[in-house]
Amino acid sequence: MKRFLREAVALIGLSLIIALLYNAVSPSGIRLNRKPMPASQEQPVQAR
Amino acid sequence: MASVIVVVARIIIGAIFLISGLAKISDPARFILTLREFRLFPEVIVPFTSIWLPWFELIIGLSVLVGLLHRTSALMLACLNAGFLAAILSVIVRGIEVDCGCFGMLADMLGLPDMADMKAVVRNIVFIGLCLLISFSRSKVLTLEHYICVREKQR
């Protein structure tokens, strides 16, 4: 049980580190700390 | 004979999750939309989950395939699949028709059905069975762990 927990934590930690590093360098990465835009800066949506 | 079945199960499960992880990593925007469509997670954790989950699938899939920490990885895959199963059942019960997002853009490329329906439920149950088989088997045939043990003994 202890061994399983140790290995599980190692695998989760490894995947977390790789995922965050890849997301930081990838051009298609998702921004995690995006703040909501203030209403005054929002662009009006134009009808097509 | 039992060892052969475990090796075949490892190849099937490992390859499926490796490919599934790669397909999701290559198109993160699509995966984030799929997670939102499920309406299960709070918006705060959706971006984080969409970044981490594909890599988690890829790493534990690779681990099962090569046979390094494969028993732990298989047990974690069984838990992951149980989570997917619960998510799919919840959208079926709520009557929401969504793409299950299991294979990302690969499903479109190959024209595979990828809806969150009863077929996906059955597929997940089969995956859970195979993962538990790998996890509870003590077979070390064709594993990297076995190779490392042999090398250690030779020294």
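## Helix contact between the chains

In this predicted model, α1(A) passes α3(B) in a right-handed crossing. The helix of chain A spans residues 2–25, and its axis lies 8 Å from that of α3(B), at an angle of about 130 degrees.

Sorted by class, the contact of α1(A) with α3(B) has 13 nonpolar, three polar and no charged residues.

## Chain A and the whole interface

Chain A has one helix and zero strands. Of its 48 residues, 6% count as buried.

Taken as a whole, the interface brings 15 residues of chain A into contact with 17 residues of chain B. The side of chain A that touches chain B comprises 11 nonpolar, three polar and one charged residues.

## Packing of α3 and α4 in chain B

Within chain B, helix α3 (residues 46–66) also packs with helix α4 (residues 70–94). Their axes come within 8 Å and cross at roughly 135 degrees, which makes α3(B) oblique to α4(B). The crossing in which α3(B) passes α4(B) is left-handed.

From α3(B), the contact is made by I60(B), S63(B) and V64(B). From α4(B), H70(B), S73(B), A74(B), M76(B) and L77(B) take part. The residues of this contact divide into five nonpolar, three polar and no charged.

## Helix α1 of chain B

Helix α1 of chain B covers residues 2–26, 25 residues in total. From its first C-alpha to its last it reaches 36 Å, close to the 36 Å expected at 1.5 Å a residue.

The buried residues of α1(B) are V6(B), A9(B), R10(B), I13(B), G14(B), I16(B), F17(B), S20(B), G21(B), A23(B), K24(B) and I25(B). An α-helix has 3.6 residues a turn, so residues three or four places apart point the same way. What covers the buried residues of α1(B) includes α2 (28–38), α3, α4, α5 (105–110) and α6 (118–136) of chain B.

Technical notes
Residues numbered from 1 in each chain as written. Chains lettered and ligands numbered in written order. Predicted model: local features only at pLDDT ≥ 70, side-chain atom pairs only at ≥ 80, totals over all residues. Helix = DSSP H or I, 4+ residues; strand = E, 2+ residues; numbered from the N terminus. Buried ≥ 20, exposed ≤ 12 C-beta atoms within 10 Å, placed from the backbone. Axes fitted to C-alpha atoms, helices over the stretch in contact; angles between N-to-C directions. Parallel < 35°, antiparallel > 145°, perpendicular 65-115°, else oblique. Left-handed = near helix turned anticlockwise from the far one by under 90°. Contact = placed C-beta atoms within 7 Å. Nonpolar A, V, L, I, M, F, W, Y, C, P; charged D, E, K, R; others polar. Expected span 1.5 Å × (residues − 1).
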